[in-house]
Amino acid sequence: MKSTINKYICAGLSLLALTAGLNGCTKKYAEMNTNPSAISTISSAQYPQMFAYAQQSVTLSPDNYEIGEGAIADVYSQYFGQLAGFNTDRYGIQQTWLPAAWNPAYVSAAPQLLTILAGTDKSSAMNAIANIWWVWTFHRITDYFGPIPYSQAGSGVRYPKYDAQDSIYYDFFSRLTAAVTVLNNHKGEAPFGKFDLVYGKQTDPVSAWIKFANTLRLRLALRISAIDPARAKTEAEAAVAAGVMTDISTDAYMEKTNATYNEENALSVISGWEDIGMSASMASIQLGYNDPRMPIFWQPATASGAYNGLRNGLSDAEKGNIALNSSVNVSHTGTRWCTYSGGNWKAVYTTPQDLMHAAESYFLRAEGALNGWNMGGTAQSLYETGIRTSMAQWGITDATAIDTYVNNTATPIAPGDGMNSGPVNNYPVLWSADPTMERAQVAQQKWLALWPDGQEGWAEYRRTDLPQLYPVLHSDNADVPAGTTIKRMPFLQAEILVNADQVAAGVVLLGGPDNAATRLWWDVQ
């Protein structure tokens with residue numbers, strides 16, 4: 001295990017060919033609000049490099065990912081259990097770690113994007129794609145914290161105000177709608193060329209970005225479906241009509257490179273550090289289904305040769321004294337991310353990072369169909385296509401195996417973990433005739449399809465309370481007792497120190513105490 005506790009890492013990215021002046025790296029947090037951009041004398045020729053920097057930075061370097069996502073959303077989604085000696089899996093809040101999730105958006109991405117937006121015409125493809133990436137960046141931040149500095153983010157305002165989450169979401173929809181309208185006039189173009197680290201290798205990057213934007217709009221529409229169902233329906237139907245992802249050809253990945261420039265696939269790196277392993281919830285579900293994706297997601301434990309997961313919320317004693325909870329008896333991520341040889345784990349640095357996939361769009365549409373919305377198909381057909389698309393995404397082509405999975409009546413099983421857990425839930429894969437079960441099935445298959453994106457998995461689990469996962473065994477947080485679900489990250493103490501009045505206003509907008517138990521605006525179930 002390698003930890004970056006109590007360190008703030010802000011590394012330059014060689015892919016971007018940026019000067020030191022564009023890095024924006026600072027260990028003095030106050031400077032983030034005082035002068036977050038620190039960009040001078042920029043020409044439009046540098047916009048592609050700046051855009052690449054904005055892309056790469058918010059997918060997090062390994063140092064930031066370890067403590068900003070791997071120790072937070074990856075375990076709160078229950079995609080992973082925590083092998084490392086941290087206590088975030090027991091809902092412990094490590095304030096010194098939270099800047100790793102926050103700073104890349106505000107220090108690194110926002111100034112670059114604002115410069116591009118200010119320097120390009122609103123009718124240009126560059127402007128539209130920068131707006132799409134702005135939404136992708138900030139939907140992940142607001143879904144961690146709730147109200148955040150948004151309308152003044154990256155602007156150089158010394159004490160940026162916190163915006164209500166509903167106003168942020170409605171701005172997301174406006175930006176995405178406008179961006180797609182613009183991009184429809186630029187199909188076939190590649191405005192950022194090779195510096196577009198998501199779609200720069202596509203033959204038609206603009207068309208791919210259109211599908212990305214519409215799929216993101218659909219995601220966000222479902223997110224608000226409980227708090228604002230009318231607006232959610234409008235946005236979802238418009239997104240589908242405008243064209244969402246429908247096959248893996250436009251699946252979105254972030255390019256990653258070797259360790260020299262801190263641009264590696266961060267999940268690969270922390271897997272090599274033995275921070276996290278397969279969760280017991282994942283083991284129960286995938287073992288019960290005999291999921292063809294399991295050998296891709298995971299490797300058998302090195303000691304037993306079996307797939308085994310960890311319960312979330314283990315005490316230190318349970319980690320240290322129960323053999324099945326030790327690293328050698330827990331499944332690590334698959335060989336796509338790390339390999340084991342000679343007693344050591346080695347990261348596969350260059351594995352592209354998953355951002356968004358067509359499979360998700362089908363499950364979102366299936367849920368929308370269950371809501372009575374026009375999603376271009378029945379809930380069952382969209383659900384089953386989502387499963388098949390997820391299989392294709394992971395390279396599974398055996399038609400018999402896929403058909404067997406889709407028609408599977410088996411349910412999750414006792415995973416054989418160190419805590420002797422029973423089955424996590426009783427959802428079969430085969431489409432049910434019961435409306436309540438149908439929603440649970442869609443949620444469970446979407447949860448599987450979203451793996452390994454812990455941020456999105458945690459957001460959807462909070463929104464729907466589905467699928468049923470194991471209760472966390474122990475809590476170190478009095479606000480979130482064992483057996484309950486953590487709802488958000490508290491505001492940064494560093495922000496309170498330098499921007500106290502605006503943070504206090506943000507707490508009012510939050511509508512509850514600034515703790516991990518307060519629900520976000522859209523989390524009303």
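(Helices, H or I runs of at least four residues, and strands, E runs of at least two, are DSSP runs numbered from the N terminus.)

Before you click further, some ground rules. This is a predicted model, where local features need pLDDT of at least 70 and side-chain atom pairs count only at pLDDT 80 or more, while totals for chains, interfaces and linings use all residues. Residues are numbered from 1 along each chain as its sequence is written, and side-chain values use heavy atoms, with hydrogens and water left out.

**Stop 1: helix H14**

Now select residues 358–370, which make up H14. The end C-alpha atoms of these 13 residues are 19 Å apart, which agrees with the 18 Å they should span at 1.5 Å a residue (the expected span is 1.5 Å times one less than the number of residues).

Colour the helix by accessibility next. Twelve of the 13 residues are buried, so H14 is largely enclosed by the rest of the structure. Here, buried means under 20% relative accessible area, exposed means over 50%, and partly exposed is in between, using a 1.4 Å probe and protein chains only. Among the buried ones are Tyr362, Phe363 and Leu364, along with Glu360, Arg365 and Glu367.

What do the buried residues of H14 pack against? Show helix H8 (205–223), helix H9 (229–242), strand E8 (353–356), helix H15 (379–393), H17 and H18, and you have the partners. Contact means heavy atoms within 4.5 Å.

**Stop 2**

Axes are lines fitted to C-alpha atoms, for helices over the stretch in contact, and angles run from 0 to 180 degrees between N-to-C directions. Under 35 degrees counts as roughly parallel, over 145 as roughly antiparallel, 65 to 115 as roughly perpendicular, and the rest as oblique.

Show the side chains here: Thr215, Leu218, Arg219 and Leu222 of H8 meet Glu360, Ser361, Leu364, Arg365, Glu367 and Gly368 of H14. By class, this contact of H8 with H14 has three nonpolar, three polar and four charged residues. (Ala, Val, Leu, Ile, Met, Phe, Trp, Tyr, Cys and Pro count as nonpolar, Asp, Glu, Lys and Arg as charged, and the others, Gly among them, as polar.)

**Stop 3: H8 against H9**

The axes of H8 and H9 come within 8 Å and cross at roughly 160°. The two helices are therefore roughly antiparallel to each other. On the H8 side, the contact is made by Asn214, Arg217, Leu218, Ala221 and Leu222; on the H9 side, by Ala232, Glu235, Ala236, Ala238, Ala239, Val240 and Ala242. Sorted by class, the contact of H8 with H9 has nine nonpolar, one polar and two charged residues.

While you're in H9, click on Ala241. Is Ala241 buried or exposed? Ala241 is exposed, with a relative accessible area of 70%.

**Stop 4: H11 against H17**

Jump to H11, residues 280–289, and show H17 with it. These helices pack at an angle of about 105°, with axes 12 Å apart. H11 and H17 are therefore roughly perpendicular to each other. In H11, pick Ser281, Met282, Ile285, Gln286 and Tyr289, which meet Gln444, Gln445, Trp447 and Leu448 in H17. The residues of this contact divide into five nonpolar, four polar and no charged.

**Stop 5: the loops**

Follow the chain from H17 (435–450) towards H18 (454–464), and you'll find Pro452 in the loop between them. A cis peptide bond joins Trp451 and Pro452, with omega about 10°. Carry on to Pro467, in the loop between H18 and helix H19 (493–498). The bond from Leu466 to Pro467 is cis as well, and its omega is near -5°.

Two last clicks. Gln78 sits in the loop between helix H4 (73–76) and strand E1 (80–82). Gln78 is not a glycine, although its phi is positive, about 60°. Glu274, in the loop between helix H10 (266–272) and strand E5 (276–278), has a positive phi near 65°. Gln78 is buried at 4% relative accessible area, whereas Glu274 counts as partly exposed at 30%.
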